[in-house]
Amino acid sequence: MDDRVAGALSLPDDWPAHPDLSLALNRMGSFDWDLDSGLMHMDRPALDVFDLSPEEYDDRPESLAVRVPTDEGIRLDSMVSQALKSGSANYGVYFRIQRRDGTLRWTHTQGFVRRDPTGRPRRIIGIVRDATQELADSTARLEVDQDRRRRTSLVEGTTAALAHARTVKDVIDVLNNSQGLAHLGATSLVVGLLEAGRIHLVADGPDGAYVPGTRYTRTDEPYPMSEVVRTLTPRFIESAEDFAASYPLLWPSISHLGITSAAYLPLIAQARPIGALGLLYGDKEGFTADERNLMVALGSSIAQSLQRAMLYEQEHDLAEGLQQAMLPRRIPEVPGAQVAVRYRSARLARDIGGDWYDIIPLPGGRVGAVIGDVQGHDTHAAAVMGQLRIVLRAYAAEGHSPATVMARASVFLHELDTDRFATCSYAEADLTTGVVQLVRAGHVDPLVRDADGSCRRLPVEGGLPLGLSAEFGRLEYPVSTVELDPGQTLVLYTDGLVEMPGTDLDEGMQLLTAMVTNGPQHLQTLADQLCEAVDERGGEDDVAVLLLRRRAADAPQPGGRLQQHVAQNDPEALSSSRHMLRAAVRAWGAKDRADEIELAADELITNALMHTDGGAIVTIRVLAGPERRLRVDVEDRSSALPRRRDAGESGVSGRGLMLVDRLADVWGVESRGNGKCVWCEFLIPERL
């Protein structure tokens, strides 16, 4: 800021450490607003202007909202934002505050923007004062000018407030709460919207004003709203006598309200009527030319907002219906588990999103659990979500490994005619053993809640979001294997549950972990409480939650069991089976023999794929007995039994079973119907 501006303010750089006493002598309050921290220091005279005590103000500008009407606050914020963005050195504005006794007082503020050498605004210092008497003492000419400016400001302020309205109810609330009625002198308003050739009354004026039978009226009936919709011309009713003579059918039902005049305006958007607005007066007769022009201008702004709100509600209803149709209608019973799912749409008047969940029954007593979030908040996001849910379910049901399911879903999304991507987590659980295979595509980490209620984050190695991994050719999704003990709960959710204004993701995760830890044991109640917590803090994003608990009543098995189908000419499935083997070996305490087990299993799988048709089924499990053993089964559809043979000094084949024989503690071949199973076992240490 230059010296001229600094001198005009008379505030030293170290203010408020040494406040300028001349401000207090002139009955002005002063403030110092640190834009980096958001804190605004106000001295005692400034707080007196706002009718606040020091105990009621916590150095945050939001604390002044109790004294600043909504439309005035929007106008004031707009003025400050414009000054900061335009590079202005100062700004000044008159606005009203509402004191604790309910009276409105005019206030004037002047702020001076201090910027760093790069031009970035860092601080605003300024003054605030009561300007009510100043305006009251103006000359008659200035009062007229001020009145015109005030009326212009009314249209601008109301228009600014309406810009934030998303639904028809929001628009009605703005009109009722923005002080617009008070400045226009109206005591109440009525609003009707045109629907299928009839006028639907959506705001029916003061208490006792509703006339039975007028909730829906035709445009050819003898009512003022019908007339202005039909003629597209405003109707100004100058007096009670004018009202009674012009609308004899309506007047007897509302004469007790003390209406002395009324203004009915057609609401026109894109050259067609969408409804009508009525302003009712109880203490005036007649309308000046300025008042009529102002009302017509206000009616145009209201019409645009109402049309936008109606279109939004239609799209919102369509998207919400589409999303609900795409989500599972019911969650299947899962033997060995309790499941709770919830979907919480974004708060009222917000767009719908692409969050989803799914539970997929799988062969062999296994179950797949999916949670995901498509980028965006619109109908397209909901449509993409539905398609993704279907293909994920299909790929999982076909028996593909979790990594393959995720990779194929990514390719599917990439090939869709869309620019959206999606984050997703997929868990495949064997509830008889508690073994869970987890794959994460750009999604937030899951949580695990123990039987005693304690909760912890479960770090899962992840890949790129669906769609992006296919675009960049990075379809290798690592698989993490964990064991879910009886009574433990796997918590899957979308980021709307942990994203909060003013906090980073880690803070949100910590709060969620504490919430789950302190939450109820009952799974359905816990799911409800998680969504209610988002409502309480005003979360603006959709939330999907899936809780999967392994039943404590089911006796734990002596080990784990994982199974996967590997088709011929499917390198993704072959790679995924290796991931599964490696992860299972680590999870089951056989890390010291990991290389031997993986190499032997790889030889058996390769033999099955090379010498048979129809691919192979790979099963890895832990066997109970006097000694703990890890067993690998590879089944194929060929009844021809393999035989061990020497490969010769220069041979490049025939070494497979020799290698298995050297690596495994024991191996063998079993006939299985129209095929066979080649297996090998390894002694592994007992679990500690």
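# Cores, sheet and rings in a predicted model

Guide: The largest nonpolar core has 35 residues, and among them W588, I620, L630, V632 and C680 touch the most other members. The structure is a predicted model, in which local features need pLDDT of at least 70 and side-chain atom pairs count only at pLDDT 80 or more, while totals for chains, interfaces and linings use all residues. Residues are numbered from 1 along each chain as its sequence is written, and side-chain values use heavy atoms, with hydrogens and water left out.

Visitor: What makes a set of residues a nonpolar core?

Guide: The members must be buried Ala, Val, Leu, Ile, Met, Phe, Trp, Tyr or Cys residues, joined through side-chain atoms within 4.5 Å. Buried means under 20% relative accessible area, exposed means over 50%, and partly exposed lies in between, for a 1.4 Å probe and protein chains only.

Visitor: Which element supplies the largest share of this core?

Guide: Helix α19 does, with eight residues. A second core of 27 residues, including V374, A381, L388 and L466, is separate. Helices (H or I, at least four residues) and strands (E, at least two) are DSSP runs, numbered from the N terminus.

Visitor: Why is D59 called partly exposed?

Guide: The relative accessibility of D59 is 31%. That value falls between the 20% and 50% limits, so D59 counts as partly exposed. D59 is found in the loop between α3 (44-49) and α4 (70-86).

Visitor: How do you know whether T214 is buried or exposed?

Guide: The relative accessible area of T214 is 12%. This is under 20%, and therefore T214 is buried. Leaving aside neighbours within four places in sequence, T214 is in contact (heavy atoms within 4.5 Å) with L201 and Y223.

Visitor: What makes β2 and β3 the edges of their sheet?

Guide: Five strands form an open, antiparallel sheet in the order β2-β1-β5-β4-β3. β2 (40-42) and β3 (90-98) each have a single partner strand, so one side of each is left without a neighbour in the sheet.

Visitor: Why is the pair of F243 and Y264 called edge-to-face?

Guide: Rings of Phe, Tyr and Trp (its six-membered ring) pair if their centres lie within 6.5 Å; planes under 30 degrees apart count as stacked, over 60 as edge-to-face and the rest as tilted. The ring centres of F243 and Y264 are 6.5 Å apart and the planes stand at 80°, so the pair is edge-to-face. F243, at 0% relative accessibility, counts as buried, and Y264, at 4%, is also buried.

Visitor: How do you know that R96 lies over the face of W106?

Guide: A charge sits over a ring if NZ of Lys or CZ of Arg is within 6 Å of the ring centre and within 35 degrees of the ring normal. R96 lies over the face of W106 at 5.6 Å from the ring centre, and K284 lies over the face of Y281 at 5.3 Å.

Key:
Two strands pair if DSSP finds at least two bridges between them.
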